[in-house]
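Hi everyone, thanks for coming.

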Amino acid sequence: MRPLRLRLTPEGGESLPGFLIRQAGRARLRSVSELAAMAGLRQPGSTVSDDDLEPLSTLTKVPVERLEAMAYRAVGKGRHHFPGGVVDRDLIALSPRRACPACLADAPFHRMVWDLAPATACIPHACRLMTACPGCGRLLGWDHPSVTTCPCGQPIADTPITPVTRAEVEAVAALHRLVGSTPIPWLHSTFAECDRSELVKMTLLIGMAATGWTGRCRVVSLVAAGPDATAAVTVAGVDGLRRWPESLSEIGQQGIRPPWVWAGATSTAKSLHQMSRAAGLRPKRTPRAI
Ligand SMILES: [Zn+2]
Ligand SMILES: [Zn+2]
């Protein structure tokens, strides 16, 4: 296998499938699948698999360690590397592709931080992440060899931004801190034993309880409800986590029956159930993993 004639260097914070898009464009291929096939990869699935990145390294002359750092490599059952730490698979959202038009206008590459499932906003630009072309309405995908243009020809980076509240920006920033590895000074000691992925899910669960969420307590269900619903739960959840355990008492006083059942392979629901009992709340339903 010979290296591609026209190659690119990855950007800081760029994701593997995003790099494949740019590299396919640079190599003037008609689709990203063409490049993925040459490298024996699936687009964008290889980023969460253990697929061999050596052929892509040969094609692009990017060291394989660098490519691996851009991918969400598996580190155990259902757990993956993510910038700053390790998260459950359901906290990584790849479909549809998300983008901040202002970031793309600054530098046209796909940022890994956009793939955190409950993240609804770009922090530096305080705007919503977009998931569809404003021209044709098509969801953003991974096969067209441009991160800045839709297959219909519409330039994505020109899209006017949709501003979000300061509370949403701060909540999304808090989520990114929760999955990272730096200490969180305001975190209540009750949560000291939780791993970072579990902390994010707890935050969402607290937000669901506080906002009276009636859907299934799953990350995918929340994200599927759209960015407004996701942001409302995230904002309430981060606030509840910051003000724990007062927030728990408030939830109880409002007469909301919290959805203390988290559907997923996690001990989140169990931990939260134990905490709520310790705080004097007696949820009617007992936690179980579905
Ligand atoms: Zn941005
Ligand atoms: Zn379009």
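Let's start with confidence: over which residues does pLDDT stay under 50, and how many contacts beyond four places in sequence does the model have for them? By pLDDT I mean the predictor's confidence in each residue, on a scale from 0 to 100. Two residues are in contact if their C-beta atoms, placed from the backbone, lie within 7 Å. The stretch is residues 261-266, and the model has 22 such contacts for it. Residues 279-290 are also below 50, and that stretch has 24 contacts beyond near neighbours in sequence. Where pLDDT is low, the predicted coordinates should not be read in detail. On average, though, the protein chain has a pLDDT of 89, and 88% of the residues score at least 70.

Some housekeeping. This is a predicted model, where local features need pLDDT of at least 70, side-chain atom pairs count only at pLDDT 80 or more, and totals for chains, interfaces and linings use all residues. Residues are numbered from 1 along each chain as its sequence is written, and chains are lettered from A and ligands numbered from 1 in the order in which they are written.

Now, the inside. I'll call a residue buried if 20 or more other C-beta atoms lie within 10 Å of its own, exposed if 12 or fewer, and partly exposed in between, with C-beta atoms placed from the backbone. A nonpolar core is a set of buried Ala, Val, Leu, Ile, Met, Phe, Trp, Tyr and Cys residues joined through C-beta atoms within 7 Å. The largest one here has 71 residues, and Leu20, Cys100, Ala121 and Leu175 touch the most other members. Helix H7, residues 196-211, gives the largest share of this core, eight residues. Helices (H or I, at least four residues) and strands (E, at least two) are DSSP runs, numbered from the N terminus.

Staying with H7: 13 of its 16 residues are buried, so H7 is largely enclosed by the rest of the structure.

What about helix H9, residues 227-242? Twelve of the 16 residues of H9 are buried, so that helix is largely enclosed too. Its buried residues, including Pro227, Val233 and Leu241, pack against strand E4, H7 and helices H6, H8 and H10. In the loop between H9 and H10 you'll find Pro245, joined to Trp244 by a cis peptide bond with omega about 5 degrees.

There's another cis bond, between Gln43 and Pro44, with omega about 0 degrees. Pro44 sits in the loop between helices H2 and H3. Most residues other than glycine have a negative phi, and most peptide bonds are trans. Lys61 has a positive phi near 60 degrees, and Lys61 is exposed, with 11 other C-beta atoms within 10 Å.

Last stop, the hairpin. Arg79 has Asp88 as its bridge partner in E2. Between the strands are two residues, and Gly84 in this hairpin takes a positive phi near 95 degrees.

Methods: Two strands pair if DSSP finds at least two bridges between them.
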